[in-house]
Amino acid sequence: VQAEDVQFSSSTFANDTITVTARRTAPSFLAKVLGVGSLNLAARAQARAFNLAQASYAAPFGISKNEPFLSGSGCPCFNQPVSWDLKRIGPGGFEVINLDGSRGGTGPSILADWIRNGLNGLMSPGWYYSDPGAKFNSSQVQAAMNARVGTTLLFPVYDGTRGNGANLQYHIVGWATIHMTGWSARGSSATINGYLTHLAWQGTTTTSGSNYFGAVVVKLTG
């Protein structure tokens with residue numbers, strides 16, 4: 001079998017669709033009765049990368065849409081080293097998000113599980129409460145962060161906040177896949193190092209290209 005024709009096309013964003021046509025020559029016993037020794041067979045398949053409508057296995061740290069590597073000139077900027085702080089947002093908020101929609105602190109064991117494994121469920125765009133407090137003092141959270149160095153995580157991207165303290169909320173508009181190369185803690189906040197990457201993820205699809213930051217769901221479409 002030989003893939004003789006590979007074509008890329010664009011639907012929602014650049015080169016998000018691939019079409020492959022494969023051909024082979026096969027012997028045909030029925031065709032031999034008619035004096036033909038072989039048949040030419042062809043097959044065609046098409047796959048498309050969709051933007052995420054909802055995401056599975058998100059990590060609990062929000063990234064502002066205003067970060068230069070997400071919304072700077074010519075960005076999103078992929079495969080370039082980046083470093084960003086989990087900033088203090090209002091009293092007690094450090095861009096740590098209650099992924100399950102709950103309000104108040106989750107505890108270090110839940111937070112560590114979200115870091116290691118992501119949220120076991122679908123996360124939709126919308127408002128999510130902050131998980132306040134000094135989270136990186138926990139040995140569980142630190143161990144989880146260390147375990148994820150050298151791997152790729154899916155981070156929620158927010159475009160605004162409202163409220164303060166236990167009522168602080170982040171408005172999630174999309175998700176970004178970051179390959180984490182390192183991190184460092186400074187009391188109640190941290191710096192994450194890595195690079196933004198294109199990656200196929202699990203979730204539901206949308207044909208909208210709004211707030212696309214590199215994470216996609218790949219589906220066969222033909």
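These are my notebook entries on a few local features that I looked up in this structure.

**Ground rules**

I am working with a predicted model, where local features need pLDDT of at least 70 and side-chain atom pairs count only at pLDDT 80 or more, while totals for chains, interfaces and linings use all residues. Residues are numbered from 1 along each chain as its sequence is written, and side-chain values use heavy atoms, with hydrogens and water left out.

**Entry 1: the disulfide**

I began with the sulfurs. How many disulfides does a search of the whole structure find? The search gives one, taking a disulfide as a pair of cysteine sulfur atoms within 2.5 Å. The partners are C75 and C77, with 1.8 Å between their sulfur atoms. I noted a torsion of about -75° about the S-S bond of C75 and C77, so this disulfide is left-handed. C77 is buried at 14% relative accessibility; I use buried for under 20% relative accessible area, exposed for over 50% and partly exposed for in between, with a 1.4 Å probe and protein chains only.

A reminder to myself: most residues other than glycine have a negative phi, and most peptide bonds are trans.

- The peptide bond from C75 to P76 is cis, its omega being near 20°. P76 sits in the loop between α2 (68-71) and β5 (81-85). For such elements I rely on DSSP runs numbered from the N terminus: helices are H or I with at least four residues, strands are E with at least two.
- N79 also belongs to the loop between α2 and β5. Its phi is positive, near 60°, though N79 is not a glycine. N79 is exposed, at 53% relative accessible area.
- Y57 is not a glycine either, and has a positive phi of about 60°. I found Y57 in the loop between β3 (38-56) and β4 (63-64), where it is partly exposed at 32%.

**Entry 2: helix α3**

Which residues of α3 are buried? I wrote down L111, A112, W114 and I115. Looking down the axis of α3, I see these buried residues fall within an arc of 160°, so they line one face of the helix; the arc is that of the directions from the helix axis to the C-beta atoms. The cover over the buried residues of α3 includes α4 and β8 (152-162).

S109 is in α3 too, which spans residues 108-117, and S109 is partly exposed at 45%. I also checked S109 against A144: they are 35 residues apart in sequence, with 9.7 Å from C-alpha to C-alpha. After α3 comes G118, with a positive phi near 75°.

**Entry 3: D131**

Is D131 buried or exposed? D131 is buried, with a relative accessible area of 0%. D131 lies in the loop between β7 (126-129) and α4 (139-148). Its side chain makes a polar contact with the side chain of K135 at 3.0 Å. By polar contact I mean a pair of N or O atoms within 3.5 Å; within protein, one must be able to donate a hydrogen and the other to accept it, and residues adjacent in sequence count only if both atoms are side-chain atoms. Leaving out residues up to four places away in sequence, D131 touches V96, I97, N98, G104, G105, T106 and L111, where contact means heavy atoms within 4.5 Å.

**Entry 4: core and aromatics**

Next I turned to the largest nonpolar core, which has 48 residues. A nonpolar core is a set of buried Ala, Val, Leu, Ile, Met, Phe, Trp, Tyr and Cys residues joined through side-chain atoms within 4.5 Å. F61, W84, M145 and F155 touch the most other members. Strand β9 (residues 169-186) gives the most to this core, with eight residues. Beyond four places in sequence, the contacts of F61 include L86, V96, I115, M145 and I192.

I then searched the whole structure for aromatic pairs and got six. The rings of Phe, Tyr and Trp (its six-membered ring) pair if their centres lie within 6.5 Å, with planes under 30 degrees apart counted as stacked, over 60 as edge-to-face and the rest as tilted. Y158 and Y170 have ring centres 4.9 Å apart and planes at 65°, so I logged the pair as edge-to-face. Y158 is in β8 and Y170 in β9, so the pair ties together parts 12 residues apart in sequence. Y158 is buried at 6%, and Y170 is buried at 0%. Finally, F61, F69, W84, F136, F155 and W183 form one aromatic cluster.
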